[in-house]
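Hi,

Here is the structure I promised to pass on.

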Amino acid sequence: MSSKQDQEATLISHLEALRRALLRSIVALAIGIVPLFLVSPYVLDWFCEQIALQGGVTLHYFSPMEVFLLQLKISALLDCVLFSPYIAWNMWQFVLPALYNNEKRFIRSIVALTSMLFIAGVAFCLIVCFPLIVQFGMSFASTTLQPVFGISNLVTLALWLSLAFGCMFQFPLVTYALIRADIVNYETVCSKRPYVVVAILLFAAFLTPPDIISQLLLGAPTYLLFEAGLLAARRFHGRSPAHRAKPITKTDVTKIIQQKNNFPTK
């Protein structure tokens, strides 16, 4: 076989491996959605009880299919969360042969930290931030103005905020990875703190509802986590240019070709 045919065969084998990994992930999600849909009413009842205890409100639904669609949404979210390790394992097995040992160790640590930070962000949102947002909304009630909360609106808000907090809690990991990979310099990141604060506030405003409370509740811990990422990357402070990859010059290419062909170098 020619080199072109070898490349095509390699590409086809990679695509086939990717197809198998995706197919296994989809089958796992399809199998898990049925039992999780049966569990979703209990999850929804628990959520309603927590909201009632925290804010003293009664939740309502406004269409016959609203609760059914809400349970389906909850079961789909639980399905993705519970089977995410299996999906990640499938993707890991797909990319594993193409990595060096040091890259494998680095990616293993990144994957583990990503999962931990995402879970921490979701837990922080549901335990600390979401009750404060509900209480803030209840503070506008008066004798002439009574709140009527729809269950779909509150659950959708909780799910969206959980996703936003989970994603924003990846900020320190991104900072650490960029500095460790020498894509950006530690001193440069430290000097750009004002721009980072503005970027965090803009992302928080985009990912949260249009109220200052939820934006600050997301922006403040994200900035603290950014500082934590800088602290973790502090050992790369003052890294000299010698640690960076040296560009290959035309002279280097000539020497390599001469050595390969056993020609003497001048």
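To start with a quick one: which helix does L72 lie in? That would be α2, which spans residues 66–82. Bear in mind throughout that this is a predicted model.

L72 belongs to a nonpolar surface patch together with M65, F68 and L69, and the four share about 370 Å² of accessible area. L72 itself has a relative accessible area of 39%, so it is partly exposed.

Now the overall layout. The protein chain has ten helices and two strands, and along the sequence they run α-β-α-α-α-β-α-α-α-α-α-α. Of its 266 residues, 28% are buried.

Next, the charges. As you know, side chains of opposite charge can pair when their charged atoms come close. I get three salt bridges in the whole structure, and E16, R19 and R20 are linked in a network of them.

- R19 with E16: the closest N and O atoms are 2.7 Å apart. These residues sit three apart in helix α1 (residues 3–55), so about one helical turn separates them.
- E16 with R20: the N to O distance is 3.8 Å. Here the spacing in α1 is four residues, which again means about one helical turn.
- E227 with R193: the N to O distance is 2.8 Å. This pair links distant parts of the chain, 34 residues apart, with E227 in helix α9 (residues 212–232) and R193 in helix α8 (residues 193–207).

R108 is found in helix α4, residues 101–138, and is partly exposed, with a relative accessible area of 47%.

Last, take a look at helix α6 (residues 171–180), where P172, L173, T175, Y176 and I179 are buried. Why do they end up on the same side of α6? Because they cover an arc of only 160° around the axis. After α6 comes D182, which has a positive phi, near 65°.

That's what I have on this one.

Cheers

Note on methods: Residues numbered from 1 in each chain as written. Predicted model: local features only at pLDDT ≥ 70, side-chain atom pairs only at ≥ 80, totals over all residues. Heavy atoms only, no water. Buried < 20%, exposed > 50% of the residue type's maximum accessible area, 1.4 Å probe, protein only. Arc of directions from axis to C-beta. Patch = residues over 30% accessible without salt bridge, like charges linked within 9 Å, V, L, I, M, F, W, Y side chains within 5 Å. Areas by Shrake-Rupley, 256 points an atom, 1.4 Å probe, with all protein chains shown as cover. Salt bridge = Lys/Arg side-chain N within 4 Å of Asp/Glu carboxyl O.
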